[in-house]
There are 2 protein chains.
Amino acid sequence: MRLHGFFRSSAAWRVRIALGLKGLSYDYVSHRLLQGEQRAPQYLALNPQGLVPALELDDGQVLTQSLAICEYLDEAYPDPPLLPADPLGRATVRSLAQVVACDIHPVQNLKILQRLRENGLAEDAVQAWARTTIEEGLAAYEQRIVRTAGRFSFGDTPTIADIVLIPQLGNARRFGAALEWPRALAVEAACQALPAFAAAEPLAQPDAPPPKG
Amino acid sequence: MRLHGFFRSSAAWRVRIALGLKGLSYDYVSHRLLQGEQRAPQYLALNPQGLVPALELDDGQVLTQSLAICEYLDEAYPDPPLLPADPLGRATVRSLAQVVACDIHPVQNLKILQRLRENGLAEDAVQAWARTTIEEGLAAYEQRIVRTAGRFSFGDTPTIADIVLIPQLGNARRFGAALEWPRALAVEAACQALPAFAAAEPLAQPDAPPPKG
C-alpha cells in the first residue's frame with residue numbers, strides 16, 4: 001500500500017494511526033500542501049479532489065476521504081477492531097468521529113483559513129475563527145465522552161473516535177485553543193502510550209522539518 | 001422512533017431519506033433553527049451539540065450525526081442495503097458521501113455563513129462563499145461518479161452517497177450555484193422518482209411553510 005499524505009495534514013494523520021493500529025506497513029508519498037503539490041496533474045489523476053490523504057492499494061485502486069479509508073481498513077483487516085461490535089456502539093463511535101470530522105476540522109483547515117484571508121479577514125480574526133471552532137467542538141466531544149469513555153473515547157480500546165480526536169488535539173495546540181478537556185486529554189495520554197499513535201505523530205514523519213537544535 | 005429535525009436542514013433531510021428507504025415510520029419533532037430552538041435546554045439534554053438531526057430510539061437512546069445515523073439504520077435494518085457488500089465498494093460510497101458531508105456542507109451551512117457575516121463579510125461575499133464551496137465540491141463529486149454511477153451514484157440502487165447528494169443539490173439551488181453536473185442531475189432524477197426521496201423533500205415536511213398561492 002502507498003499512503004499519499006503530508007506530515008501536518010490531520011486527515012492523513014488519522015490514516016497513519018489506523019494503518020499502525022492494524023499493523024500494516026506502507027510506502028509514504030509526501031505532497032507539500034503549502035506549495036500546492038496536491039494539485040499537481042499527476043496527483044489529480046489519482047485523486048481529482050486534490051486532497052490528502054489517498055491510499056493506493058497494491059492493485060492500483062485508490063481510496064480517498066480519511067474516514068472512509070479507516071472504515072475500509074477495519075473491514076479488510078478486522079483485527080484489532082476499530083469499531084465496537086454492536087450497531088448502537090458503532091453509531092456512537094462514528095458520531096464522535098463525525099463531531100470532529102464534520103463539525104470541527106472542515107471549518108478550521110488550511111484551505112478555509114486561506115479563504116477567510118482572501119475575504120479580507122485580519123490574521124487575528126482568522127486565528128480566532130480556528131480557535132473558536134476547535135474549542136466549541138472539543139467542548140461537545142468532552143461532554144459526549146462522559147458517558148462513553150473508559151481509557152479511550154469509547155470503552156477501553158482505541159476506536160475511530162480516538163483516531164480523529166488525537167490529530168484534532170494537535171490542531172488545538174497549534175492554534176493555541178483552550179485545552180480544558182480532562183477526559184479528552186486523558187484519552188490522548190492513553191493513545192500516546194501506544195506505538196501506533198506515537199509513530200503517526202506529524203514530527204515523526206519523513207517529510208517533517210528536522211528538529212531544531 | 002422519533003426524529004428531531006427541521007424541514008430545511010440538509011443533514012436531517014439525509015436521515016429522512018434513509019428512514020424512508022428502510023420503510024420505517026417515525027414521529028417528527030421540529031426545531032426551528034432560525035429561532036435557535038436547537039439550543040433550548042430540553043433539546044441540549046438530548047444532544048449537547050445543539051444540532052439537528054437526532055434520532056431517539058424507542059428505548060430512549062439518542063443517536064446524533066446524520067451519517068452515523070444512516071449507518072446505524074443500515075446495520076439495524078439491513079434491507080434494502082444502503083452500502084455495497086464488498087469493502088472496496090463500501091469505501092467508494094462512503095468516500096462519495098464524505099465529499100459532501102465533510103468538504104461541502106460543513107463549509108456552507110447556516111452556522112458558518114452567519115459567522116462570516118459576524119466577521120464583517122458583505123452579503124454578496126457570503127453568498128459567493130456558499131456558491132463556490134458547493135460548485136467546487138459538486139465538480140469533484142461529478143468527476144468521481146464517472147467511474148461508479150449507474151442509475152444512482154454507485155451502481156443501480158440508492159446508497160448513502162445519494163442520500164447526501166440530493167440535499168446538497170437542494171442547497172445548490174437555494175444558493176444559485178451552477179448546476180452543470182449532468183451525471184449528478186440524472187442521479188437526482190432517478191432518486192426523485194422513488195417515494196422515499198419524494199417524501200423526504202423539505203417542502204413535504206409538516207414544519208415547512210404552506211405553499212404560496
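Predicted model: local features only at pLDDT ≥ 70, side-chain atom pairs only at ≥ 80, totals over all residues.
## Burial of helix 1 in chain B

A residue counts as buried when its relative accessible area is under 20%. The buried positions are Ser10(B), Ala11(B), Ala12(B), Trp13(B), Arg14(B), Val15(B), Arg16(B), Ile17(B), Ala18(B), Leu19(B) and Leu21(B).

The length of helix 1 of chain B, residues 10-21, can be checked against its residue count: at 1.5 Å a residue, its 12 residues should span 16 Å, and the end C-alpha atoms lie 17 Å apart, which agrees. Just after this helix, Gly23(B) adopts a positive phi of about 70 degrees.

## Relation between the two chains

The interface can be described in similar terms. Of the interface residues of chain B, 100% are also interface residues in chain A, so the copies meet through the same surface.

## The cavity

Rolling a probe the size of a water molecule over the atoms shows where empty space is left. The count comes to one cavity of 30 Å³ or more, and the largest cavity holds about 110 Å³ of space.

Which residues line the largest cavity? From chain A they are Leu67(A), Glu71(A), Arg94(A), Ala97(A), Gln98(A) and Ile160(A); from chain B they are Leu67(B), Glu71(B), Arg94(B), Ala97(B), Gln98(B) and Ile160(B). By class, the lining of the largest cavity divides into six nonpolar, two polar and four charged residues. At least two lining residues are supplied by each of helix 3 (66-76) and helix 4 (87-103) of chain A, and likewise by each of helix 3 (66-76) and helix 4 (87-103) of chain B.

## The setting of Arg131(B)

Arg131(B) belongs to helix 7 of chain B, which covers residues 123-145. With a relative accessible area of 30%, Arg131(B) is partly exposed.

Leaving aside neighbours within four places in sequence, Arg131(B) is in contact with Phe175(B), Gly176(B) and Ala177(B). Arg131(B) and Ala178(B) are separated by 47 residues in sequence, while their C-alpha atoms are 7.9 Å apart in space.

Methods: Residues numbered from 1 in each chain as written. Chains lettered and ligands numbered in written order. Heavy atoms only, no water. Contact = heavy atoms within 4.5 Å. Helix = DSSP H or I, 4+ residues; strand = E, 2+ residues; numbered from the N terminus. Expected span 1.5 Å × (residues − 1). Buried < 20%, exposed > 50% of the residue type's maximum accessible area, 1.4 Å probe, protein only. 1 Å grid on protein atoms, 1.4 Å probe; cavity = no way out; pocket = protein on both sides within 12 Å on 5 of 7 lines; lining within 4 Å. Points joined across faces, edges and corners; volume = space filled by probe spheres on them. Nonpolar A, V, L, I, M, F, W, Y, C, P; charged D, E, K, R; others polar.
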